[in-house]
Amino acid sequence: ACERYRVTRTEKDGLITVLAGKLRAPYDLVYAIDGSIYFSVAANGPAGSAVYQITPKGELRVGSRDCELPRGVALAPNQQKLYAADAGAAKIWVYDIAGDGALHNGRVFAPARSRGLKTDERGNVWTVDSRSVVVFDAEGRRLGEISMPEDASNCGWGDGFRNLYVTATTSVYKIETKVNGTRTY
């Protein structure tokens with residue numbers, strides 16, 4: 001979980017393990033199959049704005065400082081790429097993931113005022129962009145847009161990864177999709 005100053009894991013017995021502390025405003029995270037955790041911090045402070053990785057051994061390292069204001073993070077279905085929403089520069093970045101989980105070859109994937117994003121099993125990227133959900137294909141081409149009745153802040157897959165839930169200013173919305181979301185744990 002992203003908490004105010006830390007990233008934590010709740011154990012089966014209910015105890016909380018701090019995975020990374022002394023952070024300012026961790027925003028979003030994703031868990032990779034190799035045990036890595038990637039998360040965004042979108043604030044100044046001791047750690048600064050960056051996309052971070054907690055390695056399977058528990059080491060905290062900076063993945064990238066490319067984003068001005070990193071928000072959402074998501075893995076490609078094959079977990080060989082990581083997407084990061086940059087709300088400050090109005091772009092989505094994509095990174096290749098090395099064998100040790102390090103991020104490299106960062107490049108702009110698509111223009112978007114994204115705050116949160118997720119991927120589906122076809123490799124499409126679903127992102128919240130103000131009052132809409134915008135979908136890009138795996139090459140960064142805009143496929144379409146779903147209007148929202150209020151400002152959206154983030155999204156996540158639910159109902160067996162079949163429907164997209166979108167958090168907004170005062171509500172949570174459910175969007176029924178025809179594709180399954182990427183299963184990340």
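This is a predicted model: local features need pLDDT of at least 70, side-chain atom pairs count only at pLDDT 80 or more; totals for chains, interfaces and linings use all residues.

1. Q53 has a relative accessibility of 2%, and because buried means under 20%, it counts as buried. You'll find Q53 in strand β5, which covers residues 50-54.

2. What does the side chain of Q53 make a polar contact with? It is the side chain of S36, at 2.8 Å. A polar atom of the Q53 side chain also lies 3.5 Å from the backbone oxygen of D100. If you set aside the neighbours within four places in sequence, the residues in contact with Q53 include I37, Y38, E59, L60, R61 and G63, and also G101 and A102.

3. G101 sits in the turn of the hairpin formed by β9 and β10, where 5 residues lie between the strands, and G101 has a positive phi of about 90 degrees. The two strands, β9 (residues 91-97) and β10 (residues 103-111), are paired in the antiparallel sense over 6 bridges.

4. For contrast, have a look at D13. Is D13 buried or exposed? Its relative accessibility is 58%, so D13 counts as exposed. D13 is placed in the loop between β1 (7-10) and β2 (16-20). A polar atom of its side chain lies 3.0 Å from the backbone nitrogen of L15. E59, one of the residues in contact with Q53, is 46 residues from D13 along the chain, and the C-alpha atoms of D13 and E59 are separated by 24 Å.

5. Next, the sheet. Four strands make an open sheet in the order β11-β12-β13-β14, with antiparallel pairing. β11 (114-119) and β14 (142-147) are at the edges with a single partner strand each, so one side of each has no neighbour in the sheet. From one strand to the next, the twist averages 20 degrees.

6. Why is β12 described as largely enclosed by the rest of the structure? Because 5 of its 5 residues are buried. Both of its faces are covered, with V125, T127 and D129 buried on one side and W126 and V128 buried on the other.

7. Now for the partners of β12. With β11 it pairs in the antiparallel sense over 5 bridges, and S114 stands opposite D129. The hairpin of β11 and β12 has 5 residues between the strands, and G123 there takes a positive phi near 95 degrees. On the β13 side, β12 (residues 125-129) and β13 (residues 132-136) pair in the antiparallel sense over 4 bridges. W126 has V135 as its bridge partner, while V128 has V133. That hairpin has 2 residues between its strands, and S130 in the turn has a positive phi of about 60 degrees.

8. Last, the largest pocket, with a volume of about 270 Å³. It is lined by 15 residues, and the closest to its centre are L29, V30, K118, T182 and T184. Which elements give two or more residues to the lining? They are β3 (26-31), β7 (70-75), β11 and β15 (152-158). β3 gives the most, with 4 residues.

Conventions: Residues are numbered from 1 along each chain as its sequence is written. Side-chain values use heavy atoms; hydrogens and water are left out. Two strands pair if DSSP finds at least two bridges between them. Axes are lines fitted to C-alpha atoms, for helices over the stretch in contact, and angles run from 0 to 180 degrees between N-to-C directions. Buried means under 20% relative accessible area, exposed over 50%, partly exposed in between (1.4 Å probe, protein chains only). A polar contact is a pair of N or O atoms within 3.5 Å; within protein, one must be able to donate a hydrogen and the other to accept it, and residues adjacent in sequence count only if both atoms are side-chain atoms. Contact means heavy atoms within 4.5 Å. On a 1 Å grid over the protein atoms alone, a cavity is a set of points where a 1.4 Å probe fits but cannot get out, and a pocket is an open set with protein on both sides within 12 Å along at least five of seven lines; lining residues have an atom within 4 Å of a point. Grid points are joined across faces, edges and corners, and a volume is the space filled by probe spheres set on the points.
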